[in-house]
Amino acid sequence: MANELAGAIIPELAKMTELEPQQRKAEAIQFINQHLKTLGLSLTDETIAAKVEQAYHDYQRPPKQS
């Protein structure tokens, strides 16, 4: 679930060029944390940060051509 949320928010935050990279990361962590809590789930900020980092790297990586 956290991976899916991270994958969903990263493209939106990437467009917010007025925010510094650390601010975007903090926003992503907060977004995921809030959504997990509404589902009765929780993860540490460190775990969420790692998922945000992975989602960002996946977002930057060009799609594989078949």
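pLDDT is the predictor's confidence in each residue, from 0 to 100. This is a predicted model, and its protein chain averages a pLDDT of 93.

**Confidence**
- In the protein chain, 98% of the residues have a pLDDT of at least 70.
- Helix 2, residues 21–38, has the highest confidence, at a mean of 96.
- Confidence is lowest in helix 1, residues 2–14, where the mean is 93.
- Where pLDDT is low, the predicted coordinates should not be read in detail.

**Helix 1 and helix 2: geometry**
- The two helix axes, those of helix 1 and helix 2, come within 10 Å and cross at roughly 140°.
- Helix 1 is therefore oblique to helix 2, as angles count as roughly antiparallel over 145 degrees.
- The crossing of helix 1 past helix 2 is right-handed.

**Helix 1 and helix 2: contact residues**
- On the helix 1 side, the contact is made by Ala2, Leu5, Ala6, Ile9, Leu13 and Ala14.
- On the helix 2 side, these residues meet Arg24, Glu27, Ala28, Phe31, Ile32, His35 and Leu36.
- By class, the residues of this contact divide into ten nonpolar, one polar and two charged.

**Gly7**
- Gly7 lies in helix 1.
- Its relative accessible area is 40%, so Gly7 is partly exposed, the class between under 20% for buried and over 50% for exposed.
- Gly7 and Ala55 are 48 residues apart in sequence, while their C-alpha atoms are 5.3 Å apart in space.

Conventions. Residues are numbered from 1 along each chain as its sequence is written. This is a predicted model: local features need pLDDT of at least 70, side-chain atom pairs count only at pLDDT 80 or more; totals for chains, interfaces and linings use all residues. Side-chain values use heavy atoms; hydrogens and water are left out. Helices (H or I, at least four residues) and strands (E, at least two) are DSSP runs, numbered from the N terminus. Axes are lines fitted to C-alpha atoms, for helices over the stretch in contact, and angles run from 0 to 180 degrees between N-to-C directions. Angles under 35 degrees count as roughly parallel, over 145 as roughly antiparallel, 65 to 115 as roughly perpendicular and the rest as oblique. A crossing is left-handed if the near helix is turned anticlockwise from the far one by less than a right angle, and right-handed if clockwise. Contact means heavy atoms within 4.5 Å. Ala, Val, Leu, Ile, Met, Phe, Trp, Tyr, Cys and Pro count as nonpolar, Asp, Glu, Lys and Arg as charged, and the others, Gly among them, as polar. Buried means under 20% relative accessible area, exposed over 50%, partly exposed in between (1.4 Å probe, protein chains only).
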